[in-house]
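Thanks, everyone, for making the time this morning. I would like to walk you through one structure, so please have a look at it on the screen before I start on the details.

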Amino acid sequence: MIKQPKRPRDPSQLAKMMVDIASGATKPITEKSSPSASYGSLGGITRAQNMTLSERQEAARKAAQKRWNKD
C-alpha cells in the first residue's frame, strides 16, 4: 500500500497545496486510497446477507448482551 502524505495543518501550506492541486502540479490526496478500503464498509452488510434469519437474531442477541452487560 502506498502511503500518502497527510494534509498540512499550517494554513499557508494547506493553501499552497490546494493551489498545486488546482493547477495540476500534484495529485489530490484521498483519505481512502486503496481499492480494498472502499469495501470495508460493506463487510457487515455482506455478512448479514449470507446469514440465515436465526443466525442474524443470535448475533443481534449476543451484541445486545455485550452492550448492556458492561461490568
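Predicted model: local features only at pLDDT ≥ 70, side-chain atom pairs only at ≥ 80, totals over all residues.

Let me begin with a pair in helix 1, Asp 20 and Lys 16, which lie four residues apart and are therefore separated by about one helical turn. As a reminder, an α-helix has 3.6 residues a turn, so residues three or four places apart point the same way.

Are the two partners buried or exposed? Asp 20 has a relative accessible area of 19%, and because the limit for buried is under 20%, Asp 20 counts as buried. Lys 16, at 52% relative accessibility, counts as exposed, the limit there being over 50%. Please keep those cut-offs in mind when you read the labels.

Which residues does Asp 20 touch, once we leave aside those up to four places away in sequence? They are Ala 25 and Thr 26. Helix 1 itself covers residues 11-23, and is followed by Gly 24, whose phi is positive, near 90°. As for the length of helix 1, its 13 residues at 1.5 Å a residue should span 18 Å, and its end C-alpha atoms are 18 Å apart, so the two values agree.

The structure holds two salt bridges, and I will now turn to the one between the side chains of Glu 58 and Arg 61, which meet at 2.9 Å, N to O. Glu 58 and Arg 61 sit three residues apart in helix 3, residues 53-68, and so they too are separated by about one helical turn. Here Glu 58, at 34% relative accessibility, counts as partly exposed, and Arg 61, at 47%, counts as partly exposed as well.

Let me step back to the whole chain. The protein has three helices and zero strands, and from the N terminus on its elements run α-α-α. Of its 71 residues, 7% count as buried, and Asp 20 is buried, as we saw. The protein exposes about 6,700 Å², with carbon and sulfur atoms supplying 57% of that area.

Finally, a word on confidence. The protein averages a pLDDT of 78, and 70% of the residues score at least 70. Where among the helices is confidence lowest, and where is it highest? It is lowest in helix 2, residues 43-49, at a mean of 80, and highest in helix 3, at 92; helix 3 is also where Glu 58 and Arg 61 are found. I am happy to take questions.

Technical notes:
Residues numbered from 1 in each chain as written. Heavy atoms only, no water. Helix = DSSP H or I, 4+ residues; strand = E, 2+ residues; numbered from the N terminus. Contact = heavy atoms within 4.5 Å. Buried < 20%, exposed > 50% of the residue type's maximum accessible area, 1.4 Å probe, protein only. Areas by Shrake-Rupley, 256 points an atom, 1.4 Å probe, with all protein chains shown as cover. Expected span 1.5 Å × (residues − 1). Salt bridge = Lys/Arg side-chain N within 4 Å of Asp/Glu carboxyl O. pLDDT = per-residue confidence, 0-100.
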